[in-house]
Amino acid sequence: RFSSLLFASQKAEVAGSQSLSLMMKPSSVKSAKEVAQVYSDLAAYPVPQSAQLLPQYPFSDAIRTRCAYQVQDLASQKNRTLVKTAVVLPTGDLVDSDPVLRDPTTLWDVYCSVGDHRAVLLKLKAEGSGSDNADKFIVHVYNESRFIKSIDLSEKAKHGAVYGPELGACQWSYNEGHLLYVAEKKQPKNASYFAADTFSEESAGKPGEAKSVGKQYDSVEHFGEQLSEYKRPVLCTLDVDSEVVTVLDDGGILDGVLPTEPCWAPDDAGVVFVGYKELPYQLGVIYCNQRPSAIYYLDFRSGECAVIGHDTRAVSSPRFSPCQTQLVWLQNEPSGPHKQCRRLIWCDWATKDIRFIIDFVNQAGSAGFPGIYADSLPSRCWSSNCRTVVLSSINRSKDCLLAIDVKTKIGELLSLPPDASSAKVLDFHRDWLVVEASAPNVPPFIAAGFIDASKPLTSNIKWTCLTDCFKLNDIAWRVKQHTAKLAHPEFGNQLFESILVWPVDSSKKKDSKKGDEEKPAAITELPLPLIAFPHGGPNTSFTATYMRYVCGLARCGYAVLMINYRGSLGFGKSTVDSLLGGIGERDVSDCIQAVEETLAESASSADNSALPRLDGEKLAAFGGSHGGFLGGHLIGQRPGMFKAAVLRNPVINLATMVGGSDIPDWVYEQSGLPFSHDRLLDAETLALLWSKSPLSHASKVNTPTLVAVGLKDLRVPPQQGRELYRALRARNVPTRLLVCPDDCHPMSSVPVQSSVFVDIVLWFNRHVMGVTEEA
């Protein structure tokens with residue numbers, strides 16, 4: 001069933017992208033003012049953050065959703081989150097409210113699954129920088145008609161900061177009387193050896209005044225990049241009526257386990273959660289789903305905590321069915337690539353019988369089902385009949401909607417909203433599905449549709465757009481498939497893909513709302529410069545979704561080739577595994593092959609409107625993280641091929657990366673070496689790491705290179721980019737270093753995103769197009 005659907009969808013995708021190629025024409029953007037305006041235009045499109053199906057109105061079949069989306073406020077250089085309520089009437093018509101600005105202190109906003117209670121948890125930032133100044137956490141409780149009460153969790157003094165969605169949860173109990181959440185374990189107050197009352201008997205006898213003397217500078221292990229504030233999680237409940245906070249593991253029953261992602265067990269009899277193993281030192285968790293972990297059940301009646309399933313795997317997302325009889329979660333191996341093909345695991349809660357619903361898929365070919373590639377399951381993922389689980393998964397170069405029948409173990413791809421080539425699940429409740437959808441030339445929008453689980457799930461879903469759907473009429477795209485020329489010794493010549501995005505001519509407005517008439521136009525006759533853009537990771541994928549930077553580069557006159565080299569997700573487990581030990585070689589070969597084949601196809605189809613004309617003499621390299629690693633290799637291994645390069649937080653020297661990154665295991669595993677916490681570098685290992693590093697080719701680089709780093713990056717230390725900058729400066733290669741003091745690995749703050757985009761385009765304009773900013 002998967003095979004036929006995938007083949008049909010890919011044929012439709014290529015056909016759709018070919019029809020786009022008849023529509024438009026690039027504008028030549030050369031000045032900083034014009035580039036900034038391009039970014040401003042694209043930043044105006046909202047980016048969905050979440051959508052939640054709300055309790056139904058009494059005696060009404062109308063479906064209510066709360067949609068939250070983010071816009072960049074370039075004037076204040078901040079992100080703003082707007083929220084609106086959208087109601088789908090039984091007729092299919094939409095009634096929505098005006099958007100309002102969400103309180104920026106909102107950490108959680110959750111409803112009961114069956115009743116009408118709502119809890120909003122606010123995080124109020126502390127003023128000042130003293131050790132006694134801590135953030136405050138306030139819970140506001142509502143029902144459908146009124147505000148009920150406000151509860152100050154900080155005054156309870158039972159725990160520290162409450163965790164956000166990265167590792168935490170906030171969930172109503174089935175009886176609507178309690179909230180379950182994750183917080184930082186309360187620690188003794190740090191005290192100096194020289195404070196006046198440190199050693200006084202009077203101070204030592206005060207209740208609740210436990211002190212940790214002389215340890216204010218001790219390093220404490222944490223969860224790594226972007227999660228450094230999360231160190232010692234504890235599970236907590238709040239009795240909403242009595243306002244009593246209970247820390248569930250104060251008795252030490254969870255020693256050696258770091259609890260995250262909790263959910264209520266059936267009948268509120270306990271808590272199920274993901275527990276990470278405490279290790280000699282913690283490794284970064286974000287973007288890494290292979291950390292050793294297990295599903296645990298803390299039984300309130302017996303006080304015991306037991307593992308459900310295996311305790312030697314990597315797991316995430318425990319989700320109970322609405323009938324409270326079944327539990328599912330995602331699972332994969334606890335080592336190797338940081339993101340992997342995953343299993344869907346099913347458990348009968350009464351018997352604890354465990355089964356694989358969807359197993360690993362090693363090789364998928366050009367059209368077969370490639371397996372599950374998902375960071376997590378939606379917080380609500382079950383159909384009302386407790387048979388179907390819906391999730392998002394990467395399927396080659398697109399994000400698909402996947403519905404799996406847990407009884408038959410059959411999966412099906414769901415149809416996407418109109419104009420979308422990819423979609424991700426935001427919520428699924430009472431058989432209504434809410435998704436974020438987009439395409440390379442369609443900014444993301446939110447849509448809702450009903451799934452009748454009693455019928456074939458592949459039948460067309462009637463989608464209702466809950467937010468505006470726009471189409472960028474001056475941008476076209478196409479997915480390209482490649483067969484790797486550099487064969488893997490075990491897996492042979494594997495398939496990989498790339499996504500080409502380019503500007504086309506438009507005789508009307510650049511953007512149109514859904515339903516507007518589109519006028520045909522021709523691709524420009526001018527050959528376009530081409531930017532090779534491999535993704536980071538390396539174990540992730542570019543999917544056929546909207547990317548602001550890519551659209552911006554296209555509007556500035558560049559074609560962009562996003563390359564899903566081997567190691568990318570969505571092509572089968574063997575494709576992910578095949579890059580281990582081959583970084584700097586197989587991935588580089590795939591990138592060069594993708595560029596050369598795209599140029600050759602463009603040249604051979606000059607009269608065919610399926611592809612633009614590309615200028616093989618005007619190539620550039622662009623990438624971040626492992627994409628920056630590949631950019632460094634491309635300009636080093638192929639000197640003269642690329643006229644310019646831009647590398648964001650790039651991995652440059654694997655030998656120095658080991659000691660400074662929150663993921664030293666990444667260096668070993670990707671280099672083909674086993675990792676253990678007690679492993680030390682030796683001369684042989686250093687030689688191997690150096691041979692795979694872009695810096696080993698620096699003496700051959702003659703490509704003008706712009707490097708951008710975030711000083712708070714714990715994943716790829718900023719010294720990595722600085723090493724390349726110094727090496728190129730010393731060899732008189734035109735080089736520029738951008739240092740972003742307040743940004744970490746994604747470099748996603750509004751000031752950095754907006755300003756660096758302009759710098760990137762001006763760098764390419766100067767060194768690829770030979771046009772200065774003033775021109």
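Guide: Confidence comes first. The mean pLDDT of the protein chain is 90, and 90% of its residues reach 70 or more; pLDDT is the predictor's confidence in each residue, from 0 to 100. Residues 1–27 are one of them, with 79 contacts in the model beyond near neighbours in sequence. Residues 515–522 also have pLDDT below 50, and this stretch has 23 such contacts. Contact here means heavy atoms within 4.5 Å.

The model is predicted, so local features need pLDDT of at least 70 and side-chain atom pairs count only at pLDDT 80 or more, while totals for chains, interfaces and linings use all residues. Residues are numbered from 1 along each chain as its sequence is written, and side-chain values use heavy atoms, with hydrogens and water left out.

Now the domains. Domain 1 covers 158–187 + 222–360. Domain 2 covers 475–509 + 519–642 + 649–704. These bounds come from an automatic or database domain assignment. The C-alpha centres of the two domains lie 36 Å apart.

Next, the interface. On it, 18 residues of domain 1 are in contact with 15 residues of domain 2. Together the domains bury about 1300 Å², 64% of it on carbon and sulfur atoms. Buried area is the accessible area (1.4 Å probe) that two parts lose on being put together, summed over both.

Which residues form the salt bridge? Asp 665 pairs with Arg 291, their closest N and O atoms being 2.9 Å apart. The side of domain 1 that touches domain 2 has 8 nonpolar, 7 polar and 3 charged residues. Ala, Val, Leu, Ile, Met, Phe, Trp, Tyr, Cys and Pro count as nonpolar, Asp, Glu, Lys and Arg as charged, and the others, Gly among them, as polar.

Notes: Salt bridge = Lys/Arg side-chain N within 4 Å of Asp/Glu carboxyl O.
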